[in-house]
Amino acid sequence: MTNSSNSGSVGWESPSNIALIKYWGKKENQLPCNPSISMSLQNSFSRTKLTYQAKGKENLLSFLFEGKKQKQFELRIANLFENLSDHFNFLKEFQITISSENTFPHSAGIASSASAMSSLALCLCSMEEEVKGIKMSKAEFHKKASIIARLGSGSASRSIYGDFVAWGKSKSLSNSSDEYAIPISQTTHPVFQDFQDTILLVSSKKKEVSSSVGHQLMNNHPYASSRFAQANTNFDRMIAVLQSGNLDEFIEIMENEALSLHALMMNSTPSYTLLKPNTLELIERIKSFRSSTKIPIGFTLDAGPNIHLLYPKSENEKIIPFINSELTSFLEKGKYILDKRGKGPQKLKI
Ligand code: DP6
């Protein structure tokens with residue numbers, strides 16, 4: 001038991017993640033229609049600080065992004081706080097200021113809601129420990145943070161852990177849950193050590209469809225049930241591949257997931273075509289490079305046109321020259337971002 005506190009500051013850095021098995025479609029309360037798997041990133045993260053003060057007259061919540069007031073995200077957080085009273089009964093008693101920044105550029109094809117919401121969830125759990133004067137066990141703390149992060153944004157539930165992470169109930173993974181994510185790296189094959197994620201920036205324009213609207217497209221989608229069955233099969237296979245280290249199968253499943261996600265968007269009503277001509281050109285080039293060199297390099301996509309290239313670190317010396325000579329002319333301002341498998345959130349010393 002530590003002393004409870006009326007005011008203070010807490011802070012966390014928490015990463016973005018790239019989904020290998022996609023979460024696409026959700027039920028009430030931010031519960032997913034199928035289990036998903038992601039890899040947490042190392043260099044792309046949000047740094048969030050939360051300052052709290054026992055309430056005077058006003059119940060103030062303020063959110064600053066990179067030093068500036070951000071009304072839209074502030075509203076999203078205010079809505080989230082409304083739904084958190086069961087988890088944090090003390091929230092209404094405090095004035096809270098949140099300031100956040102990202103290490104990656106806007107709309108770079110890197111999910112910012114995952115890092116932003118997971119770092120905020122971790123801050124709220126740390127705040128709870130301070131205001132109540134309690135100390136949760138590490139497992140309890142992370143589980144709670146993952147639940148809170150999920151309520152903010154589904155994919156954020158996975159960013160609470162480093163390395164490879166699973167979220168969503170699956171018969172083949174004991175302890176898995178729709179409510180929170182769990183780490184699954186205990187027995188990951190060494191080939192995935194320092195696994196690279198190089199993000200090819202095709203367009204930095206704002207997303208045409210928000211993920212919340214995107215998930216809704218699955219509600220009456222004619223292929224919904226076969227998609228959820230496919231995701232479950234791919235999930236089981238991916239769990240096995242992360243242990244066996246079979247990179248050919250890893251690539252096959254990852255690419256199938258990425259293209260299925262886009263196929264589902266293309267044939268939903270309304271429909272969205274988020275792949276750009278340059279995305280398709282890049283995919284062709286990556287496939288032909290793979291087949292001529294036998295280098296295990298594969299791609300995945302989020303709900304946008306940018307490509308995540310995943311491959312073992314040992315291939316960097318061949319892949320970076322390939323990107324520079326054959327791919328950069330199809331990228332916005334020739335830009336790409338180097339990232340890799342990351343270790344997960346870090347608490348800030350404030
Ligand atoms: C395509 O987690 O952003 O990136 O729960 O509505 O905030 P909300 O959605 P979000 O959806 C992510 C969709 C995806 C696939 C994935 O990350 O699994």
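Axes are lines fitted to C-alpha atoms, for helices over the stretch in contact, and angles run from 0 to 180 degrees between N-to-C directions. Helices (H or I, at least four residues) and strands (E, at least two) are DSSP runs, numbered from the N terminus. The model is predicted, so that local features need pLDDT of at least 70 and side-chain atom pairs count only at pLDDT 80 or more, while totals for chains, interfaces and linings use all residues. Residues are numbered from 1 along each chain as its sequence is written, and side-chain values use heavy atoms, with hydrogens and water left out.

**Exercise 1.** Describe how helix α5 packs on helix α6.

Solution. Begin with the geometry: α5 (residues 224–244) and α6 (residues 247–266) pack at about 155 degrees, and their axes are 10 Å apart. The two helices are therefore roughly antiparallel, the word for angles over 145 degrees, whereas under 35 counts as roughly parallel, 65 to 115 as roughly perpendicular and the rest as oblique. Next comes the hand, which is left-handed for α5 and α6; this applies if the near helix is turned anticlockwise from the far one by less than a right angle, and right-handed applies if clockwise. Finally, the contact (heavy atoms within 4.5 Å) includes Arg227, Ala231 and Met238 of α5 together with Phe250, Ile253 and Glu257 of α6. The residues of this contact divide into eight nonpolar, four polar and five charged, where Ala, Val, Leu, Ile, Met, Phe, Trp, Tyr, Cys and Pro count as nonpolar, Asp, Glu, Lys and Arg as charged, and the others, Gly among them, as polar.

**Exercise 2.** Carry out the analysis for α7 and α8.

Solution. The axes of α7 (residues 277–293) and α8 (residues 316–327) come within 12 Å and cross at roughly 140 degrees, and α7 and α8 are therefore oblique to each other. Their crossing is right-handed. On the α7 side the contact is formed by Leu282, Arg285, Ile286 and Phe289, which meet Lys318, Ile319, Phe322, Glu326 and Leu327 of α8. Six of these residues are nonpolar, none is polar and three are charged.

**Exercise 3.** Where do Pro270 and Asp163 lie, and what backbone geometry goes with each?

Solution. Most residues other than glycine have a negative phi, and most peptide bonds are trans. Pro270, placed in the loop between α6 and α7, is joined to Thr269 by a cis peptide bond with omega about 0 degrees. Asp163, in the loop between α3 (138–152) and β8 (164–167), has a positive phi of about 60 degrees although it is not a glycine.
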